[in-house]
Amino acid sequence: MAKQNNNQPKSSAPKTAPKGRKPSAAGKNKATQKSKSQPKKKPESKELMQGISNSPAGQKQKRYYKNAAAAARKPAGKKRKKATPPLKIAFLGGLNEVGKNMTLYACNGDMLLVDCGLSFPDPEMFGIDLVIPDFTYVLENADKVKGILITHGHEDHIGGLAYLLKNLNIPVYSTRLTIGLIEGKLREHKILDRCDLHVIKPGDKVKLGCFETEFIHVNHSIPDAVALAIRSPAGLVVQTGDFKIDRTPIDGGVIDLARLSALGEEGVLCLLSDSTNAVKPGFTESERKVGETFDVQFRKAGNRRLIVATFASNIHRVQQIINVAEKLGRKVALSGRSLENVVSVAAELGYIRVPEGILIPLDSINRYPPEKLVLITTGSQGEPMSALYRMAFSEHRRVEICPNDYVIISATPIPGNEKMVGRVVDELLKLGAEVVYEKMYDVHVSGHACQEELKLMMSLVKPKFFMPVHGEQKHLQKHAGLALTMGIPKENILIADNGKEVEITQDKIRISGEVPAGKVFVDGIGVGDVGAVVLRDRTRLAQDGIIIIACTIEKETCTVVSGPDVVTRGFVYVRESEQLMEESRRLCESVLADCMYEHVRDFSEIRNRLRDEISHLTYNRTKRTPMILPIIMEV
Ligand SMILES: [Zn+2]
Ligand SMILES: [Zn+2]
């Protein structure tokens, strides 16, 4: 369960803030911030990277990598004895869960991070807004961490980044759209101007310490997603990030299979691959398929108003809705803040084509007849507070669902959300709308590779070692099984876990240690201040309520001057339990009387006795265990 996290982040902020870093690191950081005024030594920014293969040092290193990679493919030889340092990969999140992905690479004293996501709280995490990875290990090694690479702009990959950067100002590298989305978050956290962001293109290489990294274009349910090739003195690792193989993508082109295959030829020591859909056979359908379905469905809607719910970040989906709307002469309105944000960033950066005049403000929808409208909305997972949820429960201020509505839920419920989606669908149906959802038609395709694509990835990259990542245990195991069928020996496949550090050498992969990697809860502006204890209290309060016993004692004379009063919240309905309440009060009285008689003056002792007696009583009478809070005042 939850890990309490006290040593983090605010307390450690001064220690790891940019100015506090070791002189060398601080200097470098500053230089990469804005200008190119610092040519030598550490070519961290994109422009400087091009120079890498020309510099003698770069060349030398390159050859070195080649050797290492070639060696990696050979069976255990004898010559390599002096050999290369091992590569260590520590998982700070993303395994045995879908969410808060974060991976740390370490080699030769340098470290490199990949992604920094969040996950959403489980229903029993009362009051928690977000869950982010535990940064303890990263902050302990602040001086070694050279930068962070982000594969794409989904929350499970960027959602924790602002919290990390607040404590550790390292350079961030990602594609244009992803950086655009990150900027929005950093602006919200008011740290944008002190962050060091670098836009890269697929094909670019970035050198960070002893690592040379390369970005490779992949298909996914958000544009501008990349896989990573990470070269270290220990060898070459490919981390796919989230991907699918879309042979007819909406834009950006097909995943760069040629490059992946070239890396395979060069010799890949280890592959870390997306396991989300590893249990699904076949291929994932092309995103374009959804466009065809929209065309059919939109026509079927006839004169009715269209409402389409989808993930805010699925820009290709939004693009296809806009395309069909344009063709059929409908205007488009957006509902949901995250959707408006993403679409505005994507439009500004040219990732979405919005024809002049097609977007209308939500306020003005009533000026158009229903057959001239498409509303795109968030809430495809039935999230309470989302736009679709509020529409379904008649709580939306601007959109009222009526029998003349045709609603398409263009997403599949993420495991665990099925019930919520079901409730929303029910409510929409009650209001008379027609609802198309889940597998009724092809109104959704996944962004993740199915088995055949995963196998293709393995056959191109030809890794010596394999680690399935990004998935729950069943996904990871299935993916490991696929690797086995692809001829990767069992001892070369490793299923790791959050908090595990994996060591990879030329001839062995093994779990070599553990690192702190718990869950850090974000509640409002508090980060990590809600730990396991607080959460346990909240669970107990939510399940059985609270009993407060208040009294005032005069210590000198050992007399109870007022009370005891017994107040409850969320425990029993007081009016119907007067007898129990009276019984509790009398019990408190007698406990206090005993204490006074025995001259017990230690308040904590009195509190304990009250707590014990009352919890016995309530348990016997109700079989409930409310939280009991004795409050003793002294006069
Ligand atoms: Zn993703
Ligand atoms: Zn993901």
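1. In which sense do strand 21 and strand 22 pair, and over how many bridges? Strand 21, covering residues 519-523, runs antiparallel to strand 22, and the two are joined over two bridges. If you want a spot to look at, V522 sits opposite V527 of strand 22. Bear in mind while clicking around that this is a predicted model.

2. That pair belongs to an open sheet of three strands, ordered 4-21-22, with antiparallel pairing. Strand 4 (130-133) and strand 22 (526-527) are the edges, each pairing on one side only. As a reminder, strands of a sheet pair through backbone hydrogen bonds, in either a parallel or an antiparallel way.

3. Now for a helix pair. Helix 10 (residues 287-301) packs with helix 11 (residues 315-327) at an angle of about 35°, and their axes are 9 Å apart. The crossing of helix 10 past helix 11 is right-handed.

4. Who touches whom there? From helix 10 the contact takes in E287, V290, G291, F294, D295 and F298. On the helix 11 side, they meet H316, R317, Q320, I321, N323 and V324. Sorted by class, this contact between helix 10 and helix 11 comes out as five nonpolar, four polar and three charged residues.

5. Stepping back to the whole chain: the protein has 19 helices and 25 strands. Of its 635 residues, 46% are buried. As for contacts between residues at least 6 apart in sequence, 73% of them link residues at least 24 apart.

Terms used:
Residues are numbered from 1 along each chain as its sequence is written. Chains are lettered from A and ligands numbered from 1 in the order in which they are written. This is a predicted model: local features need pLDDT of at least 70, side-chain atom pairs count only at pLDDT 80 or more; totals for chains, interfaces and linings use all residues. Axes are lines fitted to C-alpha atoms, for helices over the stretch in contact, and angles run from 0 to 180 degrees between N-to-C directions. Helices (H or I, at least four residues) and strands (E, at least two) are DSSP runs, numbered from the N terminus. A crossing is left-handed if the near helix is turned anticlockwise from the far one by less than a right angle, and right-handed if clockwise. Two residues are in contact if their C-beta atoms, placed from the backbone, lie within 7 Å. Ala, Val, Leu, Ile, Met, Phe, Trp, Tyr, Cys and Pro count as nonpolar, Asp, Glu, Lys and Arg as charged, and the others, Gly among them, as polar. Two strands pair if DSSP finds at least two bridges between them. A residue is buried if 20 or more other C-beta atoms lie within 10 Å of its own, exposed if 12 or fewer, and partly exposed in between; C-beta atoms are placed from the backbone.
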